[in-house]
Amino acid sequence: GTMLKDASQGTGAVRNPAMTYGALDMGGASTQISFFEPHEDVMANLFKLQVGGERHWNIYAHSFLYFGVVYAEARLGALIASDYTGSSLNNIPHPCLPRGQTFNLETDVSIIQDGDLQYEIHLNETYSIDFVGMSNYDKCSSLSRLLLRKEVNREWCNFSHRGDCSFSGVYQPPLPTQQTDKQFGEFLGFSNFYHVWNFLKLNEKSTLSQLQSASQHICGLSYDELK
């Protein structure tokens with residue numbers, strides 16, 4: 001708190017402060033990212049945060065609707081079930097669920113195929129899908145990546161913003177470079193990020209590679225082994 005106030009003395013924009021962290025938050029319907037951005041020429045989603053004094057902190061922030069855990073589950077379930085259109089939606093193999101587990105999903109998300117393109121739509125009512133687990137991390141990971149809609153970046157965002165995009169065609173300035181001596185460039189995870197960290201028994205401070213390794217281990221276990 002004292003550091004923030006000291007850096008806020010005077011007027012203008014705060015530049016390159018030490019001891020700032022980005023924030024990652026994930027709820028049921030959406031997920032959010034925010035971080036300090038030392039430049040003022042951000043193309044979109046720039047918020048000027050005032051912390052005492054008259055200086056402002058440039059913050060990039062964006063909320064991704066339908067990328068929270070509940071809708072990720074619903075969207076992924078609809079994507080998997082789309083390969084079984086016209087047949088009974090019972091006992092459909094689900095790579096992200098453990099072997100030996102059955103799971104019923106009620107969702108209003110459906111997949112429409114138009115040539116080589118797939119579209120996600122909301123139905124006026126929900127429908128039911130019965131899944132059986134497969135414990136297949138690689139298949140789960142590849143299907144989950146499809147939900148990020150990275151192809152939208154290629155279609156327009158990479159051109160319009162010269163590659164400064166996160167996913168689903170959303171502009172995002174380059175992430176801050178990590179500087180271990182100044183504690184700048186790291187992120188704190190909240191809400192469902194915390195719950196995943198806790199479930200995977202990761203250390204409080206862990207890398208993305210450690211997250212992947214723990215996920216591979218857990219996602220390879222059967223339902224009985226998990227219990």
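These notebook entries record what I looked up in a predicted model.

**Entry 1: salt bridges**

I began with charged side chains. Side chains of opposite charge can pair when their charged atoms come close. My search of the whole structure returned five salt bridges.

I looked up E120, which forms a salt bridge with R75; their closest N and O atoms are 2.7 Å apart. This pair links distant parts of the chain, since E120 belongs to strand β8 (residues 117-133) and R75 to helix α2 (residues 69-81), 45 residues apart. I then asked how accessible each partner is. E120 has a relative accessible area of 28%, so I noted E120 as partly exposed. For R75 the relative accessible area is 6%, which is under 20%, and therefore R75 is buried.

I turned next to E151, which forms a salt bridge with R149, with 3.3 Å between the closest N and O atoms. E151 is partly exposed, at 26% relative accessibility.

Which residues are linked with E120 in a network of salt bridges? I found R75, E120, R149 and E151 linked in such a network.

I also recorded the salt bridge in which the side chains of K205 and E186 meet, at 3.2 Å from N to O. This pair too links distant parts of the chain: K205 is in the loop between α5 (192-199) and α6 (208-219), whereas E186 is in strand β9 (residues 184-191), 19 residues apart. Is K205 buried or exposed? K205 has a relative accessible area of 61%, which is over 50%, so K205 is exposed. E186, at 13% relative accessibility, counts as buried.

**Entry 2: a charge over a ring**

I returned to R75 and looked for a ring beside its charged end. The charged end of R75 sits over the ring of F67, 4.7 Å from the ring centre.

**Entry 3: aromatic pairs**

I moved on to aromatic rings. A pair of aromatic rings is described by the distance of the centres and the angle of the planes. The search of the whole structure gave nine aromatic pairs.

I examined F36 and W57. Their ring centres are 5.8 Å apart and their planes stand at 70 degrees, so I recorded the pair as edge-to-face. F36 lies in strand β3 (residues 30-36) and W57 in strand β5 (residues 54-65), so the pair ties together parts that are 21 residues apart in sequence. F36 is buried, with a relative accessible area of 6%, and W57 is buried at 4% relative accessibility.

I then examined Y60 and Y171. The ring centres of Y60 and Y171 are 6.4 Å apart and the planes are at 85 degrees; because this angle is over 60 degrees, the pair is edge-to-face.

Which residues do ring pairs link into a cluster with Y60? The cluster consists of F35, Y60, Y171 and F187.

**Entry 4: disulfides**

How many disulfides does the structure hold? The structure holds two.

C96 and C140 form a disulfide in which the sulfur atoms are 2.0 Å apart. The link of C96 and C140 is right-handed, with 105 degrees about the S-S bond. C96 is in the loop between β6 (92-94) and β7 (102-114), and C140 is in helix α3 (residues 137-146), 44 residues apart. C96 is partly exposed at 25% relative accessibility, whereas C140 is buried at 12%.

C157 and C165 form a disulfide with sulfur atoms 2.2 Å apart. Here I found -105 degrees about the S-S bond, and the link is left-handed. C157 is buried, with a relative accessible area of 1%. C165 is buried as well, at 15%, and lies in the loop between α4 and β9.

I listed the contacts of C165, leaving out residues up to four places away in sequence; among them are N153, C157 and Y171.

Counting bonded cysteines along the chain, I wrote the disulfide pattern as 1-2, 3-4. C219 is in no disulfide, and the nearest cysteine sulfur, that of C140, is 5.6 Å away. C219 is partly exposed, at 26% relative accessibility.

Note on methods. Residues are numbered from 1 along each chain as its sequence is written. This is a predicted model: local features need pLDDT of at least 70, side-chain atom pairs count only at pLDDT 80 or more; totals for chains, interfaces and linings use all residues. Side-chain values use heavy atoms; hydrogens and water are left out. A salt bridge is a side-chain nitrogen of Lys or Arg within 4 Å of a carboxyl oxygen of Asp or Glu. Helices (H or I, at least four residues) and strands (E, at least two) are DSSP runs, numbered from the N terminus. Buried means under 20% relative accessible area, exposed over 50%, partly exposed in between (1.4 Å probe, protein chains only). Rings of Phe, Tyr and Trp (its six-membered ring) pair if their centres lie within 6.5 Å; planes under 30 degrees apart count as stacked, over 60 as edge-to-face and the rest as tilted. A charge sits over a ring if NZ of Lys or CZ of Arg is within 6 Å of the ring centre and within 35 degrees of the ring normal. Contact means heavy atoms within 4.5 Å. A disulfide is a pair of cysteine sulfur atoms within 2.5 Å.
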